Every structure is written in C-alpha cells, then in structure tokens.
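Please look over the sequence and the fold before reading on.

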Amino acid sequence: MASWVFAINENELGDGEKKPVLLESNAILLVRQEGNFYAMSNKCPHMGCPFSKGVLDGYTVECPCHDWKFDIKSGEFLTAPEIKAPVYDTKVSDGQVFVNMEGDL
C-alpha cells in the first residue's frame, strides 16, 4: 500500500540538482535529472555518510566519505550491485513532489 508523503515543491529543485529532506524521520536524498525526480536514502549503506554531501554526476551519486558510487535509480553500488541504498517511488501532482515511504523499490 502506497504512503505518499509531500517532499518539496517541484520548482525548489532544478535539473541536475540534489536536495536532502527529512520524511517521516527518514533522511532522503531527492534528485532531479532530465525532468524526473528520484528519491533514495541519504545514508550510504557502508558507514551512513550523507549522499547529499557527495558529487552528483548524471544518474550517479558519490559518497563523500569513501568515494563509493551509487545509481540514483536503483540504489545499487556500481562496483558491487548486491550492496544497495533504499530507493523510493516519486510522483509530481499539482507542482508538488511526493515520495512513497512504503519502502524500497
């Protein structure tokens, strides 16, 4: 069952930008890429470092602590896909971005 939670207004995040948000006590990283919104945990599964402090390059975000690179669409660590950060569905309605907090895709 979906649990859509308001995250931000659509115009708060430009294309190619990332923004940390706190939703239902969960640290989430929102990314807008090519007009689409993506949401993933803002904590690297390795040591919990915030992805929001890392470098965004296309559909990849780099952990600022150890340079691990993760796919923002799947949450997969590029070097070892079995390691994943949780990712969440997003939707835009009436200029507002919502995240489905019912869990990992």
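The model is predicted, so local features need pLDDT of at least 70 and side-chain atom pairs count only at pLDDT 80 or more, while totals for chains, interfaces and linings use all residues. Residues are numbered from 1 along each chain as its sequence is written, and side-chain values use heavy atoms, with hydrogens and water left out.

A salt bridge is a side-chain nitrogen of Lys or Arg within 4 Å of a carboxyl oxygen of Asp or Glu. The whole structure holds 3 salt bridges.

| Salt bridge | N to O distance |
|---|---|
| Arg-32 and Glu-10 | 3.5 Å |
| Lys-19 and Glu-12 | 3.6 Å |
| Lys-69 and Glu-62 | 3.8 Å |

The salt bridge between Arg-32 and Glu-10 links distant parts of the chain, 22 residues apart. Arg-32 lies in strand E3 (residues 26-33), and Glu-10 is in the loop between strand E1 (4-9) and strand E2 (17-23). Strands (E, at least two residues) are DSSP runs, numbered from the N terminus.

Accessibility is described in classes: buried means under 20% relative accessible area, exposed over 50%, and partly exposed in between (1.4 Å probe, protein chains only). Arg-32 is buried at 16%, and Glu-10 is partly exposed at 25%. Lys-19 is partly exposed at 26%, as is Glu-12 at 36%. Lys-69 is partly exposed, with a value of 39%.

Val-87 belongs to strand E8 (residues 87-88). Val-87 is buried, with a relative accessible area of 2%. Its C-alpha atom is 9.9 Å from that of Val-99, which is 12 residues away along the chain.

How values were computed:
Helix = DSSP H or I, 4+ residues; strand = E, 2+ residues; numbered from the N terminus.
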